[in-house]
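Hi everyone, thanks for making the time. I'd like to walk you through a few local details of one model, so please have the structure open and follow along.

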Amino acid sequence: MKTIRLVLGDQLSRSLSALRDLDPTRDVVLMVEAHAETTYVRHHRQKIVLVLSAMRHFAESLRAEGFRVDYVRLDDAGNSGSFTGELGRALSRHPVDRVVVTEPGEWRVWDLMQTWGHEFGIPVEIREDDRFLCARAEFAHWAQGRRGLRMEFFYRQMRRKTGWLMNGDQPAGGRWNYDAENRKALPPHLALPPRQRFIPDASTREVMTLVEQRFSDHFGDLDSFGWAVTREEALAALRYFLMNGLPRFGDYQDAMKSGEDWLFHAALSPYLNIGLLLPAEVCEAALDAYRQGSAPLSAVEGFLRQILGWREYVRGIYWLQMPAYAQTNFFDAHRPLPAFYWTGETAMKCLRETIAATRRNAYAHHIQRLMLTGNFALLAGIDPARVEEWYLAVYADAFEWVELPNTHGMALHADGGLLGSKPYAASGAYIHRMSNYCTGCAYDPKIKLGSGACPFNILYWYFLMVHEARLASNPRMVLPYRTLAGMTADRRQAIRQDAMAFLNGLDRPSP
């Protein structure tokens with residue numbers, strides 16, 4: 001049976017289900033650089049380079065194996081700019097009996113795929129994406145009938161299913177979770193591993209030139225591009241992390257430091273999310289490091305929890321709840337996104353440095369995303385859709401299935417607690433404890449009100465006041481609301497005035 005096998009830009013895995021029975025004598029692999037995919041949000045230019053260059057390298061690797069690849073470049077004459085348009089053109093070039101695809105990562109593409117069989121009058125087989133460790137149906141079965149869908153319980157089931165870090169039915173070391181040991185502030189003089197940077201080859205430089213020409217108005221620098229774009233480079237990045245990052249990853253995974261963009265973080269998520277690495281092999285590699293004594297249990301468990309637990313969990317939530325999930329807005333937040341999210345021009349040093357690093361690298365680690373840019377957006381009441389659009393645009397690893405639950409549920413609590421048991425709201429004290437950003441900042445985290453007060457302090461208490469009816473009964477919010485209850489009416493009024501004065505200066509539409 002002659003077949004077109006469509007491979008998307010985040011499906012660059014040789015083990016992809018759509019390629020499993022690939023016949024070099026009868027089949028054609030179709031890969032498309034679609035303009036619509038580069039512009040449905042204003043993606044960081046490094047993200048566009050990463051995906052397009054990785055696609056081109058993947059296509060060449062398939063050709064080297066002897067397979068026929070019909071590859072449509074972004075600047076090819078006649079490129080329709082969409083998956084549907086390019087599938088239609090490919091069907092006119094290649095008389096085939098069917099189309100085979102692997103289920104996409106994003107709802108909008110899934111919804112599109114449902115129309116292809118009828119539109120083109122040809123069978124379209126959509127196969128399960130079994131690169132993940134938990135199938136969509138398996139997650140739905142786990143979630144069925146549960147009052148709460150907490151990640152911790154899902155993670156424990158996945159540990160039992162895989163046997164990873166297990167002694168029989170019990171967790172290795174006697175504990176499921178070493179999170180409490182993974183929240184250390186970074187010592188001032190601790191040596192940090194340098195970023196591993198991959199020098200762009202001729203193919204990547206060609207893509208960089210294309211992106212510079214076509215997307216000059218998009219966010220992000222190109223000069224510092226150093227992401228892996230091949231399977232071999234991604235494996236080298238994994239080995240580098242295991243040796244240089246994993247041993248201390250657990251201790252300092254929540255830490256932040258001025259001028260240091262990478263710390264001990266793996267920065268492997270872009271490769272996992274486009275398919276150059278597989279989650280099972282990454283987890284197994286970390287487990288091997290633990291078995292060999294080169295990384296402690298707390299670090300390996302924390303790393304495993306992010307992939308086996310959190311990554312699989314947010315994907316399950318996404319497919320279980322979409323498309324209605326994206327429309328919820330628990331706090332009725334509608335403030336526009338401040339312009340400084342794009343420019344970095346703010347007196348708040350923590351946000352200024354995080355946004356500048358995001359511009360340089362298309363990357364920020366999870367605490368910068370959750371407790372700085374996310375926390376500020378939560379406290380300031382910024383419209384979830386605008387925040388989610390920003391996150392999807394600026395990070396190299398951002399695809400909607402992973403970005404939306406992390407932003408909508410975890411950072412903004414816009415789902416009302418489906419994903420997280422409480423809002424991740426924090427004052428300047430947290431930022432001061434976990435970073436050195438406050439040194440040299442225009443604001444002081446020790447000042448609560450008035451001139452020089454950290455905006456996170458003012459907004460934190462204002463947020464609690466505004467949403468008291470929604471949050472006061474939450475058992476995890478008892479202590480802050482007890483403190484709020486002890487405040488005088490005059491202090492509450494002063495907080496309200498300071499907060500409104502600050503927020504009124506933010507009500508400018510983003511570019």
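Let's start with a charge and a ring: the charged end of Arg108 sits over the ring of Tyr40, 3.7 Å from its centre. Keep in mind as we go that this is a predicted model. There is another such arrangement, with the charged end of Arg369 over the ring of Tyr395, 3.8 Å from the ring centre. Both of those residues will come up again.

Phe340 has another partner, Phe376. Why do we call that pair edge-to-face? The ring centres are 5.6 Å apart and the planes lie at 65°, so the pair of Phe340 and Phe376 is edge-to-face. This pair links distant parts of the chain: Phe340 belongs to helix α14, residues 340-343, while Phe376 belongs to helix α16, residues 366-380, and 36 residues separate them. Phe340 counts as buried because its relative accessibility is 6%, and Phe376 counts as buried because its value is 0%.

Next, the helices around here. Two packed helices are described by the angle between their axes and the distance between the axes. For α16 and helix α17, residues 384-394, the angle is about 150° and the axes are 10 Å apart. The crossing of α16 past α17 is right-handed. Which residues make the contact? On the α16 side they are Arg369, Thr373, Gly374 and Ala377, and on the α17 side Val387, Trp390 and Tyr391. That set divides into 4 nonpolar, 2 polar and 1 charged.

Let's stay with Tyr391 in helix α17 for a moment. Tyr391 counts as buried because its relative accessibility is 4%. Leaving aside residues up to four places away in sequence, Tyr391 touches Arg369, Thr373, Gly374, Ala398, Glu403 and Thr407. From Tyr391 to Thr407 is 16 residues in sequence and 7.6 Å in space, C-alpha to C-alpha.

Now please move over to the loop between α10 (246-252) and α11 (269-274), where you'll find Lys257. Is this lysine buried or exposed? Lys257 counts as buried, because its relative accessibility is 19% and the cut-off for buried is under 20%. Apart from residues up to four places away in sequence, Lys257 touches Leu186, Pro188, Leu192, Leu263, Asn436 and Tyr437. Met434 is 177 residues from Lys257 in sequence, yet their C-alpha atoms are 8.4 Å apart.

Leu263, one of those contacts, is found in that loop between α10 and α11 too, and is buried, with a relative accessible area of 3%.

That brings me to the backbone. Most residues other than glycine have a negative phi, and most peptide bonds are trans. Leu263 has a positive phi, near 50°. Leu165 also has a positive phi, near 55°; this residue lies in the loop between α7 (151-162) and β6 (166-167). And where is the cis bond? The peptide bond from Met322 to Pro323 is cis, with omega near 5°, and Pro323 lies in the loop between α13 (297-321) and α14.

Key
Residues are numbered from 1 along each chain as its sequence is written. This is a predicted model: local features need pLDDT of at least 70, side-chain atom pairs count only at pLDDT 80 or more; totals for chains, interfaces and linings use all residues. Side-chain values use heavy atoms; hydrogens and water are left out. Rings of Phe, Tyr and Trp (its six-membered ring) pair if their centres lie within 6.5 Å; planes under 30 degrees apart count as stacked, over 60 as edge-to-face and the rest as tilted. Helices (H or I, at least four residues) and strands (E, at least two) are DSSP runs, numbered from the N terminus. Buried means under 20% relative accessible area, exposed over 50%, partly exposed in between (1.4 Å probe, protein chains only). A charge sits over a ring if NZ of Lys or CZ of Arg is within 6 Å of the ring centre and within 35 degrees of the ring normal. Axes are lines fitted to C-alpha atoms, for helices over the stretch in contact, and angles run from 0 to 180 degrees between N-to-C directions. A crossing is left-handed if the near helix is turned anticlockwise from the far one by less than a right angle, and right-handed if clockwise. Contact means heavy atoms within 4.5 Å. Ala, Val, Leu, Ile, Met, Phe, Trp, Tyr, Cys and Pro count as nonpolar, Asp, Glu, Lys and Arg as charged, and the others, Gly among them, as polar.
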